[in-house]
Amino acid sequence: MRHNVLPVRFEAAPRTAAKALILPAAQLKPLIGDRPIVGPADSAEVRLLMGYATVVDATLTTSAPPVWKPPATP
């Protein structure tokens, strides 16, 4: 896990999976200022945050209303 002042490219090795969680910088600025923050991605706090984000993503995906499609014309 890492905080960057400027956006960076994210890459994953072939045949691997990666998740990127992008948080709003303006709301976090009072807590972290402009200092870079790096921490272990496998910490309990990050695992809990990513687990919650996965549940929210699944809930929003499954409970979204269907997209309206116009009827097919004969």
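This briefing describes the fold, the confidence, the surface and a few individual residues of a single chain. The model is predicted, and the mean pLDDT of the chain is 76, with 72% of its residues reaching 70 or more. The secondary structure comes to 2 helices and 2 strands, which follow one another along the sequence in the pattern β-α-β-α.

**Confidence along the chain**
- Confidence is lowest in strand 1, where the mean is 58, and the residues of this strand are 2-3.
- Helix 2, which covers residues 44-63, has the highest confidence in the chain, at 83.

**Surface and burial**
- Of the 74 residues in the chain, buried residues make up 5%.
- The accessible surface of the chain comes to about 7100 Å², and carbon and sulfur atoms account for 67% of that area.
- A nonpolar patch on the surface is formed by Leu21, Leu23 and Leu49, which together have about 230 Å² of accessible area.

**The loop between strand 1 and helix 1**
- Leu23, one of the residues of the nonpolar patch, lies in the loop that runs between strand 1 (2-3) and helix 1 (25-32).
- Leu23 counts as partly exposed because its relative accessibility is 43%, a value that falls between the limits of 20% for buried and 50% for exposed residues.
- Arg15 is also placed in the loop between strand 1 and helix 1, and this residue has a positive phi of about 60° although it is not a glycine.
- With a relative accessible area of 85%, Arg15 is exposed, since the cut-off for that class is over 50%.

**Arg47 in helix 2**
- Arg47 is found in helix 2, the element for which the mean confidence is highest in the chain.
- The relative accessibility of Arg47 is 53%, and therefore this residue counts as exposed.
- When residues up to four places away in sequence are not counted, Arg47 touches Ala41 and Asp42.

Terms used. Residues numbered from 1 in each chain as written. Predicted model: local features only at pLDDT ≥ 70, side-chain atom pairs only at ≥ 80, totals over all residues. Heavy atoms only, no water. Patch = residues over 30% accessible without salt bridge, like charges linked within 9 Å, V, L, I, M, F, W, Y side chains within 5 Å. Areas by Shrake-Rupley, 256 points an atom, 1.4 Å probe, with all protein chains shown as cover. Salt bridge = Lys/Arg side-chain N within 4 Å of Asp/Glu carboxyl O. Helix = DSSP H or I, 4+ residues; strand = E, 2+ residues; numbered from the N terminus. Buried < 20%, exposed > 50% of the residue type's maximum accessible area, 1.4 Å probe, protein only. pLDDT = per-residue confidence, 0-100. Contact = heavy atoms within 4.5 Å.
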